[in-house]
Amino acid sequence: MATGQHGCIFCGNKPLTKEHIWCQWITEYVSRTTNKYAFGHVVAHKKPEDNIERSSLRAGDPIGANVRVVCGPCNNEWMSQLQEKAKPHLIPLFKGETVWLKKSAQAAIADWIIMATMTAEYIQRDPSMIAISQTDRNKFFERKPLANWKVWIAPFQRKHWIGQWVHTSVPIYPSEDVPPLTSDGRPRPNAQNTTFVIGQLYAHAMNGPYPNIVHDWEWRGTERARHLLRQVFPTVYRDIAWPTSYLTDADAITFATAFNDYVSGLG
Ligand SMILES: [Zn+2]
C-alpha cells in the first residue's frame, strides 16, 4: 500500500526524517500562544452514514507538527529549494502587503501550496483520508507537470473563524467501476480540497481523478468565489495586483467545503 507509512511519500526511500512542515519563518505568522486553531478533515461518501469527520483544536499545530513522511534528501534538497524560491513571494502575502505577483511568483507560490497540501494529508496518519495519488506525488517529485490540479489564493483577515486547516476528500468513481476500498471497507477517496490560512493568506488547492471534474469546477453555486479567489495554478493571470478583495469569514468557510458540498449533493 503506497501510503508512505514505510518510505518517503515522494520518492519511496528510507529513512524518513522528522520534517517540519512549517519552518521557523512561517510560525511567526501564526499565533501559538493564546489562540486555538481548528483542523478539520472530512471524507464525504455517497452514503451519509459512511461519512468520516474529524476535527481538532490545537494551539499552533500543524505549524509545529513533525510529520515523519519524507526522507532527508527530499527534505533538504528539492523541497527546501522549492520553499526558498517561494518564501520571498509568500512573506508579503502573509503580511498583507501590496505586491505585484508576476507569473513566475504565482507559480512558485502554487508549488509551495501543493507541496504543503501533499505533505499535510499525512497529518492525521490515517490512510483512509489520503486522496492524493502516489502517481501525483511521484510526478511532483520528478518536477513533471501535474494534471487535474488547481490552486487559488485570496487575502483574508480572520475575525471569528478559527479554521486553520481544512481537508476534505471524496471518492469519485464512474458508476460502472468497483472502487478500491480502504481498510475499513469504504470507497477510497480520490479527490481532495485543502484550505489553509497563514497570516493574511488564504490558500486553497484541489485535485481529482478526472480532468473534467477539476477543469469544469467553476465554483458552481459559490458565485463569490469566482470573483474573490485568484487561480495561481495553472496560471491564468499575467499579473496579480495584491491584495485583491479580502474574504469574509463566511467566504472562508463556504469556499473550504464548497466542492464536497457540491459533489455530495449530486447523490
Ligand atoms: Zn524522498
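Helix H8 bends by about 50° at Ala-258, where the bend at a residue is the angle between axes fitted to the seven residues ending there and the seven starting there. The names of helices (H or I, at least four residues) and strands (E, at least two) follow DSSP runs numbered from the N terminus. The structure is a predicted model, in which local features need pLDDT of at least 70, side-chain atom pairs count only at pLDDT 80 or more, and totals for chains, interfaces and linings use all residues. Residues are numbered from 1 along each chain as its sequence is written.

H8 covers residues 249–265, and its 17 residues reach 23 Å from the first C-alpha to the last, close to the 24 Å expected at 1.5 Å a residue; the expected span is 1.5 Å times one less than the number of residues. A residue is called buried if 20 or more other C-beta atoms lie within 10 Å of its own, exposed if 12 or fewer, and partly exposed in between, with C-beta atoms placed from the backbone. Among the buried residues of H8 are Phe-255, Ala-258, Phe-259 and Val-263. An α-helix has 3.6 residues a turn, so residues three or four places apart point the same way. The buried residues of H8 pack against strands S2 (37–43), S7, S8 and S9 and against helix H7 (223–228).

Strands are said to pair if DSSP finds at least two bridges between them. S8 pairs with strand S7 (residues 163–170) in the antiparallel sense over 6 bridges, and Val-170 stands opposite Ala-191. S8 also runs antiparallel to strand S9 (residues 201–207), joined to it by 7 bridges, with Val-197 opposite Tyr-202. S8 and S9 form a hairpin with 2 residues between them, and Gly-199 in the turn has a positive phi of about 55°.

Leaving aside neighbours within four places in sequence, Ile-114 is in contact (C-beta atoms, placed from the backbone, within 7 Å) with Phe-140, Trp-149, Val-151 and Ala-205.

In the loop between H4 and helix H5 (134–141) lies Tyr-122, which counts as buried because it has 22 C-beta neighbours inside 10 Å. The C-alpha atoms of Tyr-122 and Ile-9 are separated by 9.2 Å, although these residues are 113 residues apart along the chain.

A kink is also found in helix H3: it is about 50° and lies at Lys-87, shortly before the proline Pro-88. The buried residues of H3 are Met-79, Gln-83, Ala-86, Leu-90 and Leu-93. Just after H3, Gly-96 takes a positive phi of about 75°.

Taken as a whole, the protein has 8 helices and 11 strands, and 39% of its 267 residues count as buried. The C-alpha trace spans about 50 × 45 × 40 Å along its principal axes.

How values were computed
Contact = placed C-beta atoms within 7 Å.
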